[in-house]
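Please consider the arrangement of strands and helices in the structure shown below. The paragraphs that follow lead through it step by step.

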Amino acid sequence: MIHTLLRHFRSAQIGRGQPSLQAPISQACTQAQFEDPAYAYWCEQIGEVPRTHRKQWEFCYILQVLARYGMLAPGLRGLGFGVGSEPLAALFAARGVSVLGTDLEPDRAMDEGWVDTAQHAAGKEALNQRGLCPPDVFDRLVDFRFMDMNAIDPMLDGQFDFCWSACAFEHLGSIAAGLTFVERSVDTLKPGGLAVHTTEFNCSSNRDTLDNASTVLFRKRDFVELGQRLKARGCEVLFNFELGDLPLDKHVDLPPYALDNHLKLRIEQWTTTSFGIVVRKAGSAGYPR
């Protein structure tokens, strides 16, 4: 089964048809994906009611990617970046995966506003606030440490079957820093491992964008460059840049943003949405059938 999925990953066509949540590659958030049965399934798993909001889509996308490519199996190891209080680490542990969650040191998180907006993890306990994992299992399988995503500890290299981040690397200061992070995150993986990250995608321009700011907006050209850099290292990354053709795909939410019907939004003069990136590191996957 795993080898069949990896063959699909290698042979998938780029830019043909609308993005599919059932068989995800690197792709944008679109309305059709909310209507896939996998979306409702993953919302239930993280204790949420499905709604048409891109941030919820990011969690479901990450979960579907990892499940689709065989990463949510007992005995595997996952590394989370900028985890805040998100529910993913607890769900992974409930499925037998060992997890190391990381986040920025509290003083720096306070300075950057992440503590005030409840988007920062002060410790391990924040990762199981929803009770998705039995406490004894969580305590045994989940660890936590402070780490700057711009300075990944080299001692973590080659240690994990997968790594992930949810809407984090657009906050690293620049487009260049974000792309470097994705590339650097792959170093933490074992051969054949998966990196899956979500971030901001500038839908309205492939030229002008927001850069060198607390939040940056990546363009198609930036992702294409990233793909070239990763492929030069023997990695596999496949893109679908279609933006959807259903009503919510054409709706742009304006501040103050809504709790539903929030797939695309305006940030300054640009329209943006969430985009998921999945990278397979070179080498044999080596995972159980």
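Two strands are taken to pair if DSSP finds at least two bridges between them. In this predicted model, strand β8 (residues 252-253) and strand β9 (residues 264-267) meet that condition, pairing in the parallel sense over two bridges. Within this pairing, D253 stands opposite L265 in β9.

Strand β9 also has a partner in strand β10 (residues 270-280): the two run antiparallel and are joined by four bridges. Here K264 is the residue that stands opposite T273 in β10. β9 and β10 form a hairpin with two residues between the strands, and in this hairpin E268 adopts a positive phi near 55 degrees.

Attention now turns to T52, which is located in the loop between α3 (37-45) and α4 (54-68). Leaving aside residues up to four places away in sequence, T52 touches F34, L248, D260, N261, H262 and L263. With N261 there is a polar approach as well: a polar atom of the T52 side chain lies 2.8 Å from the backbone nitrogen of N261.

α4 is mostly covered, with twelve of its 15 residues buried. Among the buried residues of α4 are W57, F59, Y61, I62 and L63, and also R54, E58 and Q64. Just after α4, G70 takes a positive phi of about 75 degrees.

Key: Residues numbered from 1 in each chain as written. Predicted model: local features only at pLDDT ≥ 70, side-chain atom pairs only at ≥ 80, totals over all residues. Heavy atoms only, no water. Polar contact = N/O pair within 3.5 Å; in protein donor to acceptor, adjacent residues only side chain to side chain. Contact = heavy atoms within 4.5 Å. Buried < 20%, exposed > 50% of the residue type's maximum accessible area, 1.4 Å probe, protein only.
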